[in-house]
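The following note sets out some points on the structure shown here. It begins with a single side-chain contact and then turns to the fold and the pocket.

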Amino acid sequence: MGVDPSVVGRTYPPTPVYEVGREKLREFADAVGDPHPAYRDPAAARALGHRDVIAPPTFAVVLSMGADAQVVRDPAVGVDFSRVVHAEQRFSHARPITAGDRLVVTVTVDGVRSAGGHDLVTTRGEITTEDGEAVCTATSTLLVRGEG
């Protein structure tokens with residue numbers, strides 16, 4: 001059984017609010033090996049015009065992966081997670097993610113296609129503040145390996 005292409009266009013409810021903490025941003029910057037002081041030091045971030053420390057650009061994956069889980073867990077989509085490979089990830093930022101942000105993600109299935117016996121599922125996660133301010137669009141493609 002493959003991924004059901006009729007789910008293209010399906011939008012899931014917004015995720016619970018994720019409050020961005022300074023310590024989490026520092027840990028993420030350490031994990032990706034980015035030494036920029038704006039990820040750790042509020043004074044350095046303020047000197048660059050930000051209200052608090054900011055996130056490395058790829059930090060948005062922390063939020064988008066949680067939202068994508070709604071798609072993977074939806075039995076109507078037909079994704080066998082044991083066969084999933086994360087194929088592609090892109091981010092388009094409207095502004096930096098900043099400590100103190102309270103963010104939600106609304107995910108939509110943008111595409112399903114088959115190639116070489118596998119299915120590719122593309123999702124678009126709109127990351128906004130809980131008040132609806134656009135922050136980032138995260139586009140993910142999951143490859144669901146075919147059987148055999």
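1. In this predicted model, the side chains of D74 and Y12 are joined by a polar contact of 2.7 Å. Leaving aside residues up to four places away in sequence, D74 touches R10 and Y12.

2. D74 is located in the loop between helix 3 and strand 2. Its relative accessibility is 14%, and D74 therefore counts as buried, the limit being under 20%.

3. As to the overall fold, the protein has 3 helices and 5 strands, and these elements follow the order β-α-α-α-β-β-β-β from the N terminus. The C-alpha trace spans about 55 × 30 × 20 Å along its principal axes.

4. Of the 148 residues in the protein, 42% are buried. Among contacts with a separation of 6 or more, 69% are between residues 24 or more positions apart. The accessible surface amounts to about 7600 Å², and carbon and sulfur atoms account for 54% of that surface.

5. The largest pocket holds about 210 Å³ of space. Its lining consists of M65, G66, D68, A69, V72, R73, F81, V84, H86 and L142. Two or more of these lining residues come from each of helix 3 (60-73) and strand 2 (84-93).

6. Which element gives the most to the lining of the largest pocket? Helix 3 does, with 6 residues. By residue class, the lining comprises 6 nonpolar, 2 polar and 2 charged residues.

Terms used. Residues numbered from 1 in each chain as written. Predicted model: local features only at pLDDT ≥ 70, side-chain atom pairs only at ≥ 80, totals over all residues. Heavy atoms only, no water. 1 Å grid on protein atoms, 1.4 Å probe; cavity = no way out; pocket = protein on both sides within 12 Å on 5 of 7 lines; lining within 4 Å. Points joined across faces, edges and corners; volume = space filled by probe spheres on them. Helix = DSSP H or I, 4+ residues; strand = E, 2+ residues; numbered from the N terminus. Nonpolar A, V, L, I, M, F, W, Y, C, P; charged D, E, K, R; others polar. Buried < 20%, exposed > 50% of the residue type's maximum accessible area, 1.4 Å probe, protein only. Polar contact = N/O pair within 3.5 Å; in protein donor to acceptor, adjacent residues only side chain to side chain. Contact = heavy atoms within 4.5 Å. Areas by Shrake-Rupley, 256 points an atom, 1.4 Å probe, with all protein chains shown as cover.
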